[in-house]
Amino acid sequence: MLSGPETQKKRRITVALPKRKFSKSRRDKKRTHKKLSLPAMATCSHCSQVKSPHRVCLHCGYYNGKKVIEIKKAS
Ligand SMILES: [Zn+2]
């Protein structure tokens, strides 16, 4: 026979509950830092199109002054 705290009594599960209401003001103040940020953008040194920094330009295929990939033109 097993004897432990589980078998002796059916234990009540208690959850921590806040003592007071969290006001709308405090709730909203907590969220002031929670926002989306714009993605980082850089301009291509070859074609001056907007591109992601440290990435090959998807418009001309250049990276750091050298042609890295061939860009197929949609026709
Ligand atoms: Zn480019």
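What pattern does the protein chain follow, read along the sequence? Read that way, the elements run α-α-β-β-β-β. Welcome to a short tour of this structure, one view at a time. This is a predicted model, in which local features need pLDDT of at least 70 and side-chain atom pairs count only at pLDDT 80 or more, while totals for chains, interfaces and linings use all residues. Residues are numbered from 1 along each chain as its sequence is written.

**View 1**
The secondary structure comes to two helices and four strands. Here helices (H or I, at least four residues) and strands (E, at least two) are DSSP runs, numbered from the N terminus. Of the 75 residues in the protein chain, 3% are buried. A residue is called buried if 20 or more other C-beta atoms lie within 10 Å of its own, exposed if 12 or fewer, and partly exposed in between, with C-beta atoms placed from the backbone. Two residues are in contact if their C-beta atoms, placed from the backbone, lie within 7 Å. Among contacts between residues at least 6 apart in sequence, 0% join residues at least 24 apart.

**View 2. Confidence along the protein chain.**
The predictor's confidence in each residue is given as pLDDT, from 0 to 100. Its mean over the protein chain is 88, and 87% of the residues reach 70 or more. Among the elements, helix α2 (residues 24-30) has the highest mean pLDDT, 96. The lowest mean, 55, belongs to helix α1 (residues 5-8).

**View 3. Cys57 and its contacts.**
Look for Cys57 in the loop between β2 and β3. Cys57 is buried because 23 other C-beta atoms lie within 10 Å. Leaving aside neighbours within four places in sequence, Cys57 is in contact with Cys44, His46, Cys47, Gln49, Lys51, Tyr62 and Tyr63. Twelve residues separate Cys57 from Ser45 along the chain, and their C-alpha atoms are 9.2 Å apart.

**View 4. Ser45 and Ser48 in the loop between β1 and β2.**
Ser45 sits in the loop between β1 (42-43) and β2 (50-51), and Ser48 lies in the loop between β1 and β2 as well. Ser45 counts as partly exposed because it has 13 C-beta neighbours inside 10 Å. Ser48 has 11 other C-beta atoms within 10 Å, so Ser48 is exposed. The phi of Ser48 is near 55°, a positive value in a residue other than glycine.

**View 5. Asn64 in the loop between β3 and β4.**
Asn64 is placed in the loop between β3 (62-63) and β4 (66-67). Although Asn64 is not a glycine, its phi is positive, at about 55°. Asn64 is exposed because 9 other C-beta atoms lie within 10 Å.

**View 6. Ile69 in the segment after β4.**
Follow the chain to the segment after β4 to find Ile69. Ile69 has 12 C-beta neighbours inside 10 Å and therefore counts as exposed. Not counting residues up to four places away in sequence, Ile69 touches Val56 and Gly61. Ile69 and Val56 are 13 residues apart in sequence, and their C-alpha atoms are 8.0 Å apart in space.
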